[in-house]
Amino acid sequence: MIGELDGKAPTHPLAERWTNHKFDMKLVAPHNRRRFDVIVVGTGLAGAAAAATLGEQGYNVKAFTYHDSPRRAHSIAAQGGINAAKNYKSDGDSVFRLFYDTVKGGDFRSRESNVYRLAELSGNIIDQCVAQGVPFAREYGGLLDNRSFGGAQVSRTFYARGQTGQQLLLGAYQALAHQVHEGTVQLFTRTEMLDLVLKEDRAAGIIVRDMVTGQVTSHSAHAVLLCTGGYGNAFYLSTNAKFSNATAIWRAHRRGALFANPCYTQIHPTCIPASDEFQSKLTLMSESLRNDGRIWVPKDPGDTRPTDQIPEEERDYYLERKYPSFGNLVPRDVASRNAKAVVDQGRGVGPLRNGVFLDFSEAIGRVGVETVRERYGNLFDMYERITDENPYRVPMRIYPAVHYTMGGLWVDYNLMSNLPGLFVLGEANFSDHGANRLGASALMQGLADGYFVISYTLANYLSGLLGEKPVPTHDPAFTATEANVGDRVARFLSVKGTRSVDDFHRELGKILWDYCGMTRNRTGLEKALSEIPALREEFWKDVRVLGGPALNQSLEKAGRVADFFELGELMVRDALHREESCGGHFREEHQTEDGEALRDDEHYAYVGAWEWTGKHNEPLLHKEPLSFESVELTQRSYK
Amino acid sequence: MDLTLHVWRQPGPGQPGEMVTYIEEAKDISPDMSFLEMLDIVNERLIAKGQEPIAFEHDCREGICGSCGVMINGQAHGPQPGTATCQLHMRKFADGDEIWIEPWRARAFPVLRDLIVDRTAFDRIVEAGGYITAPTGAAPDANIIPIPKVVADAAMDAAACISCGACVAACPNNAAQLFTAAKVQHLNLLPQGQPERYTRVVRMVETMEQYFGSCTNHAECQEACPKEISIDFIAYMNRDYVKAQIKNRRLLGQTS
């Protein structure tokens with residue numbers, strides 16, 4: 001039974017909380033670390049950083065990735081940057097300000113203690129990455145450069161051209177590769193986790209499938225770390241990589257791990273609009289573009305003149321108009337909803353009238369085309385390849401797309417789920433971003449969790465297990481779960497229906513986007529709640545997975561989509577229960593007079609963590625109350 | 001657009017494969033589709049007919065993860081310079097075109113299925129020395145060592161490599177010099193990379209040679225590279241490798 005959820009945040013004053021907690025936690029001495037086996041699933045920023053750090057410290061690490069190399073994890077695609085409260089620009093930044101901006105940006109639905117720790121560790125991350133050889137952008141004097149991102153009035157974002165995620169991941173991957181070479185980390189590539197094994201309610205290991213041979217095997221350890229990213233691909237169309245999936249966390253959820261705030265999904269405002277129904281994914285254009293790009297639509301919905309013939313006074317720079325102090329750099333949720341609003345008014349631009357302009361002509365006039373090329377060249381090239389339009393000459397067209405999921409498995413301050421021994425890091429957990437994530441903070445969180453938090457909190461957990469051996473994989477707990485996994489794989493192959501996995505996935509995605517996307521309302525959510533289970537039933541009766549168990553991409557997808565069906569239903573249920581608007585969760589019934597999100601702090605200032613109660617039962621809601629000691633809950637304003 | 005595709009189909013590693021022609025499945029292709037979206041459509045049509053879809057590697061579909069990559073009419077990543085397969089759009093082809101699609105052809109990259117190859121030899125090169133030893137938590141303040149902008153930019157040019165393997169596939173010798181040079185020089189150019197500079201280059205080059213052919217300066221790699229990485233880095237790597245052989249490494253603090 002799960003009682004009241006305890007976030008286990010220490011009670012020291014906020015600024016000393018992590019420091020004191022580090023001292024209070026138990027340690028594992030260097031000579032004892034090799035007696036502990038640790039499984040790390042996923043090798044993106046959080047996973048690679050954690051595996052490398054724990055390997056360095058002397059633990060026996062097994063790291064798993066479904067890619068052929070850890071360097072391909074989707075962290076690699078993050079473009080714009082990583083925040084750190086270094087205050088190198090001397091423009092008023094501080095740990096407290098980064099903390100404050102992040103709590104406010106998350107619309108007061110995150111845990112203060114976690115966010116403060118994140119802000120506190122942000123500077124260490126930059127130090128660590130520079131030492132690893134991450135080629136951050138520099139000023140001519142050789143010092144590090146910064147730029148601005150949404151939701152902040154200081155310049156605290158460190159970047160490596162438009163490829164910051166790539167460079168940070170390469171840093172973590174190289175550290176991991178070093179440990180693989182040293183033999184402290186054993187790396188399993190092209191291997192997907194298909195279940196979590198519990199023994200006496202503790203995480204004891206995982207069941208995996210070798211995606212090349214199809215062989216299903218068991219791996220045991222003293223602790224399991226899930227660093228498997230977010231679930232944005234439930235929507236089918238998103239900016240996530242095609243393979244990004246929720247199977248690891250969803251399987252853990254079905255084994256008892258609570259799933260927190262599943263309805264908090266981030267719709268990123270600057271993506272290339274969809275061009276046709278065959279679109280396979282959406283491409284993000286970095287938020288950093290909003291530093292210099294101005295967002296507008298024609299004032300007149302019927303205006304189809306080429307952009308250079310629309311005079312200034314007939315353009316509506318709606319963000320600058322509505323939010324004069326933040327302008328084009330309002331947080332993502334605000335920018336996205338406003339784009340949807342103008343498109344819904346019929347003022348959308350482009351052949352399908354499904355976008356808004358992001359215009360660089362003013363910036364090109366102000367700083368020159370070369371400076372703009374230096375700042376955003378690779379993004380402009382990427383845009384031109386996809387759309388065949390040159391953004392140096394005509395404004396980009398952008399529209400919001402699913403990008404990031406703030407929800408995830410519930411964890412306490414130590415990043416441990418409610419299942420002892422199961423830790424969750426990075427986007428896969430729910431912890432730091434509340435109801436809306438600010439730009440350039442996902443990389444920060446993944447690396448803070450992986451480099452600087454987990455080694456302390458994991459030691460604290462493992463110290464209690466000294467002398468205990470991991471559960472052997474011939475234990476019935478493993479053999480039974482392994483058999484289940486094998487049966488499930490065989491079941492996909494035996495349905496032999498008529499519709500492809502993608503066909504089902506696209507339909508599920510459309511339901512979620514229509515009813516649980518940028519805005520939600522009760523009628524739509526209730527409709528989704530009846531449509532999703534019906535479609536899921538059909539999926540299990542009619543899906544067509546050809547071929548056998550060895551290297552079979554349809555089979556891989558089938559397992560992931562089957563899990564998205566169940567998770568999608570939970571997202572809708574969570575959105576339906578949360579009778580307020582906050583951050584990325586916008587209920588049309590709950591808005592201010594001028595259309596901003598209207599929170600209900602009296603009734604909903606809590607983390608909603610759902611417990612799986614079986615396939616045919618409704619999930620059970622547990623609440624972790626959120627208390628705010630250091631910031632005052634206010635209506636967010638970016639005006 | 002109506003196309004004729006010739007695609008390499010191979011059921012598994014070490015098994016015989018063949019080129020298979022698809023005409024019906026490659027009709028009505030929109031020029032705005034990406035190359036991989038075109039393959040998605042072909043696959044949906046194959047599945048509808050009860051035939052197994054073409055296996056191909058892909059993930060981010062925005063040219064950064066380096067998963068994708070096929071030979072298109074004999075060119076690695078196809079006809080558009082500086083473009084990974086996933087970023088190539090069908091408007092670069094004409095109605096009625098015949099397109100030949102094959103996996104990377106290199107002994108070090110065995111085919112796993114259809115268009116998917118095993119590129120883990122690249123990871124062995126990185127594991128051999130493609131890192132700076134910087135244990136977590138030991139780093140000094142990030143601004144303590146200024147790095148001239150041109151140096152940071154050059155390191156970034158090298159670090160832009162996405163490890164797709166096009167350089168190897170395009171090389172008549174299947175050499176991996178461009179990949180290895182990009183990896184070596186990203187770190188060897190930076191002040192933080194100096195302590196391990198010479199051991200790094202020796203270990204990485206020698207590991208590379210266990211898997212890949214030798215470079216004879218064809219420069220096909222540079223042409224094929226979706227990130228347009230310059231072969232100048234190969235020259236820098238060779239310079240460091242030669243220096244590493246000549247210098248008294250013990251005096252430089254390089255003991256291995």
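Two residues are taken to be in contact if their C-beta atoms, placed from the backbone, lie within 7 Å. The exercises below concern a predicted model.

**Exercise 1.** Determine whether helix α4 of chain A is mostly covered or mostly open, and identify what includes its cover.

*Solution.* Begin with the count, in which eight of the 11 residues of α4(A), spanning residues 95-105, are buried, and the helix is therefore mostly covered, given that a residue is buried if 20 or more other C-beta atoms lie within 10 Å of its own. Next, list the buried positions, which are A:V95, A:L98, A:F99, A:D101, A:T102, A:V103, A:K104 and A:G105. Then look for their cover, which includes β3 (82-83) and α5 of chain A. Finally, follow the chain past the helix to A:D107, whose phi is positive, near 55 degrees.

**Exercise 2.** Find the residues with the most contacts inside the largest nonpolar core, and trace the surroundings of A:L225.

*Solution.* The largest nonpolar core has 294 residues, and those with the most contacts inside it are A:L225, A:L409 and B:V168. Helix α12 (residues 442-462) of chain A gives the largest share of this core, 13 residues. Setting aside neighbours within four places in sequence, A:L225 is in contact with several residues, including A:V38, A:I39, A:F423 and A:I454.

**Exercise 3.** Describe the side of chain A that touches chain B by its elements and its residue classes.

*Solution.* First, count the residues: 61 of chain A are in contact with 65 of chain B. Among the elements of chain A that give two or more residues to this side are α3 (45-57), α5 (112-132) and α16 (553-577), while the largest share, nine residues, comes from α6(A). By class, the residues of this side divide into 24 nonpolar, 22 polar and 15 charged.

Terms used. Residues are numbered from 1 along each chain as its sequence is written. Chains are lettered from A and ligands numbered from 1 in the order in which they are written. This is a predicted model: local features need pLDDT of at least 70, side-chain atom pairs count only at pLDDT 80 or more; totals for chains, interfaces and linings use all residues. Helices (H or I, at least four residues) and strands (E, at least two) are DSSP runs, numbered from the N terminus. Ala, Val, Leu, Ile, Met, Phe, Trp, Tyr, Cys and Pro count as nonpolar, Asp, Glu, Lys and Arg as charged, and the others, Gly among them, as polar. A nonpolar core is a set of buried Ala, Val, Leu, Ile, Met, Phe, Trp, Tyr and Cys residues joined through C-beta atoms within 7 Å. A residue is buried if 20 or more other C-beta atoms lie within 10 Å of its own, exposed if 12 or fewer, and partly exposed in between; C-beta atoms are placed from the backbone.
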